[in-house]
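Hello,

Here is the structure I promised to pass on. My notes on helix packing and salt bridges follow below it.

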Amino acid sequence: MIAFKNNRPLLQTGHCVISDYDAGWLESVLQQAADSAGVKLPFREEIARAILLYLEEKCPLHAVPLDYLFQRIARMLRQAGLPLIADHLRLQTPPVVIDLRALAEQSPLPLFFYSELEQHLAQLRRMGLTTYEFAGIESCSKLLGDRQRLCPTQRRMLDELNAFLHTHQQLAG
């Protein structure tokens, strides 16, 4: 196995330091800004790769405050002739993956599960992490519905879980 050193600086937000971010995250941030501005974003992948290249090879800092990074990205977009996109750039953290199945295994009763998930999300928000990806949604709904396969009870539990997650993603964003 070959391992490559990641030369990217850490991102700081609140009391958190983030090391796991990539071009996909930067592309989505740029695309959201373009969508909010109502304009097309040319060369999205190239811009994201250029930002990562700067961070990996030219950035002298070992840790970069997230708001500072977004200020620099906005300045670069303005210099590149994309001021509308720069004006609509929204500060956001790379997504944090939350394993719902593992949480459901710890708290298999829906009442306790939802309470535990709400506390976990509140703790992440207090630390400055506002973007989430949820893993294991379907298997979590099976555990919460005490089912092994797809059935109406499991579907109802899945719908309830999706509604809860959608509500909390809107609160975070």
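**Helix packing**

In α1, Ala23, Leu26, Glu27, Leu30 and Gln31 meet Arg44, Glu45, Ile47, Ala48, Ile51 and Leu52 of α2. Contact here means heavy atoms within 4.5 Å. By class, this contact of α1 with α2 has 7 nonpolar, 1 polar and 3 charged residues. Nonpolar covers Ala, Val, Leu, Ile, Met, Phe, Trp, Tyr, Cys and Pro; charged covers Asp, Glu, Lys and Arg; the others, Gly among them, are polar.

A word on the source. This is a predicted model, in which local features need pLDDT of at least 70 and side-chain atom pairs count only at pLDDT 80 or more, while totals for chains, interfaces and linings use all residues. Residues are numbered from 1 along each chain as its sequence is written, and side-chain values use heavy atoms, with hydrogens and water left out.

Helices are DSSP runs (H or I, at least four residues), as are strands (E, at least two), numbered from the N terminus. Helix α1 spans residues 23-37 and helix α2 residues 44-58; they pack at an angle of about 125°, axes 9 Å apart. That makes α1 oblique to α2 (roughly parallel is under 35 degrees, roughly antiparallel over 145, roughly perpendicular 65 to 115, oblique the rest). Axes are lines fitted to C-alpha atoms, for helices over the stretch in contact, and angles run from 0 to 180 degrees between N-to-C directions.

**Salt bridges**

How many salt bridges does a search of the whole structure find? It finds 6. The criterion is a side-chain nitrogen of Lys or Arg within 4 Å of a carboxyl oxygen of Asp or Glu.

- Arginine 8 pairs with glutamate 56, closest N and O atoms 2.9 Å apart. This pair links distant parts of the chain: arginine 8 sits in the segment before β1 (10-13), glutamate 56 in helix α2, 48 residues apart. Arginine 8 is partly exposed at 22% relative accessibility (buried is under 20%, exposed over 50%, partly exposed in between; 1.4 Å probe, protein chains only). Glutamate 56 is partly exposed too, at 29%.
- Arginine 101 bridges to glutamate 105 at 3.2 Å between the closest N and O atoms. Both lie in helix α5 (residues 100-106), 4 residues apart, about one turn of the helix.
- Lysine 142 and glutamate 138 meet at 4.0 Å, N to O. They are 4 residues apart in helix α7 (residues 137-144), so about one helical turn separates them. Salt bridges that share partners also join Glu27, Arg44 and Glu45 into one network.

Best wishes
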